[in-house]
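Dear colleague,

Please find below the structure I promised to hand over.

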Amino acid sequence: MTIDRRKFLAGTALGAVTAVLLNKQEAKAGNVSGYKPRFAMIFDQNKCVGCGACKEACSETNHVPAGQLRMTLERQSPLDGTPGNRKYVRVSCQQCSEPPCVRVCPTGAAHIDPATNIVTMDNSRCVGCKYCIAGCPYNVRFINEETKAAENCDFCLHTKLAIGEQPACVQACRYDALVFGDTNDPNSYISKMLAVKNSVRVRAVLGTHPNLHYIPKLKEEV
Ligand code: SF4
Ligand code: SF4
Ligand code: SF4
């Protein structure tokens with residue numbers, strides 16, 4: 001990442017996060033601004049080298065028990081190809097705008113955070129029934145074996161965003177393969193990227209409106 005781009009990100013995505021947190025405080029005080037962000041992430045397959053730093057940072061930041069993962073990477077190419085031809089894909093919660101996990105949860109434990117629109121958990125309400133796991137079409141939820149509550153990637157809502165930082169995976173990626181920001185802000189870096197890059201979403205035909213965008217690998221190196 002260039003220094004200029006770091007500065008740019010600091011002034012956009014982080015600014016949006018900070019603004020949302022301020023909105024949250026205002027909401028608690030009864031002064032609701034009404035602005036609703038739509039946080040999203042881009043995974044750029046052209047840039048990911050499969051180093052796994054994102055995965056490690058996620059588990060450490062969110063205290064995910066050993067052997068369980070909020071996010072992982074799948075290799076989509078043989079290992080014997082040249083490094084430039086290796087393909088990886090991020091596997092994690094798609095942060096659906098219309099999340100089936102929330103719809104089927106009988107207790108409200110799986111919910112949409114009202115200030116940020118992020119799909120997250122209230123562990124104290126989770127009874128471990130696993131309806132949300134069955135209802136998620138992306139197979140990315142699990143029961144945390146320590147908390148005994150269901151869990152999903154929530155863009156580090158309670159760990160990093162809460163202190164005005166980018167998600168741990170984004171901070172850890174040294175190859176610019178991950179971009180995070182508010183797509184409801186037309187001036188955010190992520191909005192500008194999505195406007196000019198061809199990207200795809202997984203199983204969007206289901207009507208889940210996923211907010212994880214993938215930029216597919218365009219051509220093989222020879
Ligand atoms: S990907 Fe699954 S866990 Fe994530 S919001 Fe969508 S339905 Fe819920
Ligand atoms: S396991 Fe927890 S979050 Fe999932 S549906 Fe049951 S109560 Fe809701
Ligand atoms: S840290 Fe970045 S380059 Fe490394 S595996 Fe994760 S997304 Fe790919």
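Predicted model: local features only at pLDDT ≥ 70, side-chain atom pairs only at ≥ 80, totals over all residues.

**Nonpolar cores**

The largest nonpolar core has 28 residues. Within this core, the residues with the most contacts are Met41, Leu73, Phe155, Cys169, Leu178 and Phe180. At least two core residues come from each of β1 (39–44), α2 (53–61), β2 (71–75), β3 (88–92), α5 (168–172), β8 (178–182) and β9. The largest share, 3 residues, is supplied by β1. Another core, of 10 residues, lies apart from this one and includes Cys101, Cys105, Ala109 and Cys126.

Beyond its neighbours within four places in sequence, Met41 is in contact with Phe155, Cys169, Leu178 and Phe180, among others. The contacts of Met41 also include Arg90, Pro167, Ile190, Asn211 and His213.

Helix α2 has Cys54, Ala57, Cys58, Ser59 and Thr61 as its buried residues. These buried residues pack against β2, α5 and β8.

**Aromatic pairs**

The count of aromatic pairs comes to 3. Phe39 and Phe180 form a stacked pair, with 5.2 Å centre to centre and 15° between the planes. Phe39 belongs to strand β1 and Phe180 to strand β8, so that distant parts of the chain, 141 residues apart, are linked by the pair. Are the two partners buried or exposed? Phe39 counts as buried because its relative accessibility is 4%, under the 20% cut-off. Phe180, at 1% relative accessibility, is buried as well.

Phe43 and Tyr214 form an edge-to-face pair, at 6.0 Å centre to centre and with 65° between the planes. Since Phe43 lies in strand β1 and Tyr214 in strand β9, this pair ties together parts that are 171 residues apart in sequence. Phe43 is buried at 2% relative accessibility, and Tyr214 is buried with a relative accessible area of 7%.

One aromatic cluster is formed by Phe39, Phe155 and Phe180. Phe155 is placed in the loop between β7 and α5 and is buried, with a relative accessible area of 2%. The phi of Phe155 is positive, near 55°, in a residue other than glycine.

Where does Asn211 lie? Asn211 is in the loop between α6 (189–196) and β9 (212–215). With a relative accessible area of 7%, Asn211 is buried. The side chain of Asn211 reaches the backbone oxygen of Gln95 at 2.7 Å. Not counting residues up to four places away in sequence, Asn211 touches Arg38, Phe39, Ala40, Met41, Gln94, Gln95, Cys96, Ser97 and Phe155. Asn211 and Ile42 are 169 residues apart along the chain, and 8.5 Å separates their C-alpha atoms.

Ser97 is found in the loop between β3 and α3 (100–104). Ser97 is buried, with a relative accessible area of 17%. The side chains of Ser97 and Arg38 are joined by a polar contact of 3.4 Å. Leaving out residues up to four places away in sequence, Ser97 touches Arg38, Ile112, Thr208, His209 and Asn211.

**Ligand surroundings**

Ligand 2 is surrounded by 14 residues, of which the closest are Cys105, Cys126, Cys129, Lys130 and Cys132. By class, this shell around ligand 2 has 11 nonpolar, 2 polar and 1 charged residues.

Around ligand 3 there are 13 residues, and Cys48, Cys51, Gly52, Cys54 and Cys173 are the closest. The shell around ligand 3 divides into 11 nonpolar, 2 polar and no charged residues.

**Backbone angles**

His63, which follows α2, has a positive phi near 50°. Lys148 also has a positive phi, of about 65°, although it is not a glycine. Lys148 is found in the loop between β6 (142–143) and β7 (150–151). Is Lys148 buried or exposed? Lys148 counts as exposed because its relative accessibility of 55% is over the 50% cut-off.

With kind regards

Definitions and conventions
Residues numbered from 1 in each chain as written. Chains lettered and ligands numbered in written order. Heavy atoms only, no water. Helix = DSSP H or I, 4+ residues; strand = E, 2+ residues; numbered from the N terminus. Buried < 20%, exposed > 50% of the residue type's maximum accessible area, 1.4 Å probe, protein only. Contact = heavy atoms within 4.5 Å. Polar contact = N/O pair within 3.5 Å; in protein donor to acceptor, adjacent residues only side chain to side chain. Near = heavy atom within 4 Å. Nonpolar A, V, L, I, M, F, W, Y, C, P; charged D, E, K, R; others polar. Core = buried A, V, L, I, M, F, W, Y, C linked by side-chain atoms within 4.5 Å. Phe/Tyr/Trp six-rings, centres within 6.5 Å; stacked < 30°, edge-to-face > 60°.
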